[in-house]
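Subject: Model for you to look at

Hi,

Here is the structure I promised, with the sequence alongside. My notes on the helix packing follow below.

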Amino acid sequence: INADNAVKTKDILLKNRVLLNQYINKTEDMTPLMLCAKYDSVKCLDVMIDLLANMKIKHSKKGDGIIHIASERDNV
């Protein structure tokens with residue numbers, strides 16, 4: 001996701017749909033959608049939207065949504 005490789009991201013998520021709305025990073029506090037917002041991965045964000053990622057899931061520790069996560073790093 002941080003490399004914004006939409007093809008690889010989509011392939012992984014289509015094979016493992018359960019990962020779409022799970023906390024997947026090492027500290028288990030961010031979903032793939034949140035990581036897209038954090039790393040400004042626009043192409044991967046489009047994949048998440050196409051696959052119907054849950055946009056209402058909050059950061060597991062801070063309670064932040066994807067808009068707040070993106071804005072922390074000045075990502076449009």
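Among the elements of the protein, helix H4 (residues 66-72) has the lowest mean pLDDT, at 93. H1 has the highest, at 96. This is a predicted model. Its average pLDDT is 94, and 100% of the residues score at least 70.

Now the packing. Two helix pairs involve H3.

First pair: H1 with H3. Helix H1 covers residues 6-15 and helix H3 covers residues 42-50. Their axes lie 8 Å apart, at an angle of about 30 degrees. Angles under 35 degrees count as roughly parallel, so H1 and H3 are roughly parallel to each other. Their crossing is right-handed. On the H1 side, the contact is made by Ala6, Thr9, Lys10 and Leu13. They meet Lys43, Cys44, Val47 and Met48 of H3. By type, the residues of this contact of H1 with H3 are five nonpolar, one polar and two charged.

Helix H2 spans residues 32-39. The axes of H2 and H3 come within 9 Å and cross at roughly 155 degrees. The cut-off for roughly antiparallel is over 145, and H2 and H3 are therefore roughly antiparallel to each other. This crossing of H2 and H3 is left-handed. Pro32, Leu33 and Cys36 in H2 meet Cys44, Leu45 and Met48 in H3. The contact of H2 with H3 has six nonpolar residues, no polar and no charged.

Cys44 and Met48 of H3 are worth a look in both views: they meet H1, and they meet H2.

Best wishes

Notes. Residues are numbered from 1 along each chain as its sequence is written. This is a predicted model: local features need pLDDT of at least 70, side-chain atom pairs count only at pLDDT 80 or more; totals for chains, interfaces and linings use all residues. Side-chain values use heavy atoms; hydrogens and water are left out. Axes are lines fitted to C-alpha atoms, for helices over the stretch in contact, and angles run from 0 to 180 degrees between N-to-C directions. Helices (H or I, at least four residues) and strands (E, at least two) are DSSP runs, numbered from the N terminus. Angles under 35 degrees count as roughly parallel, over 145 as roughly antiparallel, 65 to 115 as roughly perpendicular and the rest as oblique. A crossing is left-handed if the near helix is turned anticlockwise from the far one by less than a right angle, and right-handed if clockwise. Contact means heavy atoms within 4.5 Å. Ala, Val, Leu, Ile, Met, Phe, Trp, Tyr, Cys and Pro count as nonpolar, Asp, Glu, Lys and Arg as charged, and the others, Gly among them, as polar. pLDDT is the predictor's confidence in each residue, from 0 to 100.
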